[in-house]
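Hi,

Here is the structure I said I'd pass on. Have a look at it first, and then read on for what turned up in the backbone.

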Amino acid sequence: MALIQNPNIKHVPFLRNRTPEQTLFLPHTLSLPTCNQNSKRLVITNSSSSNSSLLSPVILTAPVASSPPPPVYRAPKSPCSCGAVTVPLSRVWREIQGCNNWKDLIEPLNPLLQQEITRYGNLVSTCYKAFDLNPNSKRYLNCKYGKQTLLKETEIDQPEDYQVTKYIYATPDINISPIQNETNRRARWVGYVAVSSDDSVKRIGRRDIVVTFRGTVTNPEWLANFMSSLTPARFHPHNPRLDVKVESGFLSLYTSDESESKFGLESCREQLLSEISRLVNKYKGEEMSITLAGHSMGSSLAQLLAYDISELGLNQRIGERDIPVTVFSFAGPRVGNLEFKKRCEELGVKVLRITNVNDPVTKLPGVLFNENFRVLLYELPWSCSCYAHVGVELTLDFFDVQNISCVHDLQTYIDLLNQRRMNSRSADSDSDEDEESDNFALEFLKRNGEKVMFLKGQRMMHWINVVDLLFSVSNHVSYCNIF
């Protein structure tokens, strides 16, 4: 039996013997504490190519500025040029959005792509910062702030770049107990829709419609994550495509509504499709992109929405180019089967998955039987029932034995990407600087270890609580599939 690696995954390798011209360092990565002599560092190799593009890789010899306005990328000098070429985001935004599946942008990580990933990650983090978990609050399970002040109150960089147009709510179709039925069925805030401002359009080159989703927080949402049976999506009314299947728990969150209530909300799906359709019509004639970003469970909802938009053709315009649909997935699990993956690729849905190799969530569902499973190079008859990741993977590697939850923490993902430094090192000082960098990474994770998902005292549910929850409701979830 042979396991063949998925060719779509672009994994960042560990290298120990390297030269300054060959490596691009992410020093904020924790070395394993068990053996100081075998410390591991996240290194991205520089892949040389004879055909250079506007976004071909380059090794910088100075630290990257934290927030250059507007973001630009300095391409390498060609033999015939006398200076570096500056490429603004407005010229290459389609490449950054994945029109070429991020070819030559991952290894090494392109600085402009890095800035965009960080920007969308920060937009997702606002969902955690603004989510009200105080049961005594009038805004319990809702956003603390109004649409006009959300980005400013959560202290995001350049809040004027986007205008929030709609809040999105999801209704879990799961009952933990009959007594708590009304509370569990209550719709809760999961994200928002925003559109880039006129000033931002000039810098990024198009009108960007953004939808962000937070990850799992409440108990019913945890249960939805473990409903791992595959169910046909049936998004297209005239062509249901029964072979395209997705996880039933995510589908339930996406499609359930408060129909039992007289004044109940529409489903998450109906809210999103109506708002996106409105914005596409409002800005017709402009260059446009649809960007969906989410963390954990939120990345699953983002992928379902991306597939839904493309399957229904909401991104298609008569006589014009289709609007690109891109997903930036942070620590996301698998969403559907192999047919779901193939259909997303046929529709042109672009997915960039930012993952941590030590994060167990990114390996679920389908721990054993997934897109990587082959026997003697042949597909198995039941392989269509296996879960499969969609898109291209950008892999990080970090772990803190004193704070295990950091492996799935969105803020840690963002900080490690955002505080990346590229260094040019000499062979003589390599080992000394390695040790200094490893110590810096250790201190970084120690400082940020307590910032898990929520600020100002809000904390992510501990794993032990999840285990207790599963035991208490095991009789109510009879069709969990561990594979």
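Let's begin with Pro 108, which sits in the loop between helix H1 (89-96) and helix H2 (111-130). Helices (H or I, at least four residues) and strands (E, at least two) are DSSP runs, numbered from the N terminus. Before going further: this is a predicted model, where local features need pLDDT of at least 70 and side-chain atom pairs count only at pLDDT 80 or more, while totals for chains, interfaces and linings use all residues. Residues are numbered from 1 along each chain as its sequence is written, and side-chain values use heavy atoms, leaving out hydrogens and water.

Back to that loop. The peptide bond joining Glu 107 and Pro 108 is cis, with omega at about -5°. Trp 102 is also placed in the loop between H1 and H2. Its phi is near 60°, a positive value in a residue other than glycine. Trp 102 counts as buried (under 20% relative accessible area, with exposed over 50% and partly exposed in between; 1.4 Å probe, protein chains only), at 1% relative accessibility.

Now for the strands. Where is Pro 365 found? Look in the loop between strand S14 (350-356) and strand S15 (387-388). A cis peptide bond joins Leu 364 to Pro 365, and omega there is about -25°.

Last one: Ala 331, in the loop between strand S12 (325-330) and strand S13 (336-337). Ala 331 is not a glycine, yet has a positive phi of about 55°. Is Ala 331 buried or exposed? Ala 331 is buried, with a relative accessible area of 0%.

Cheers
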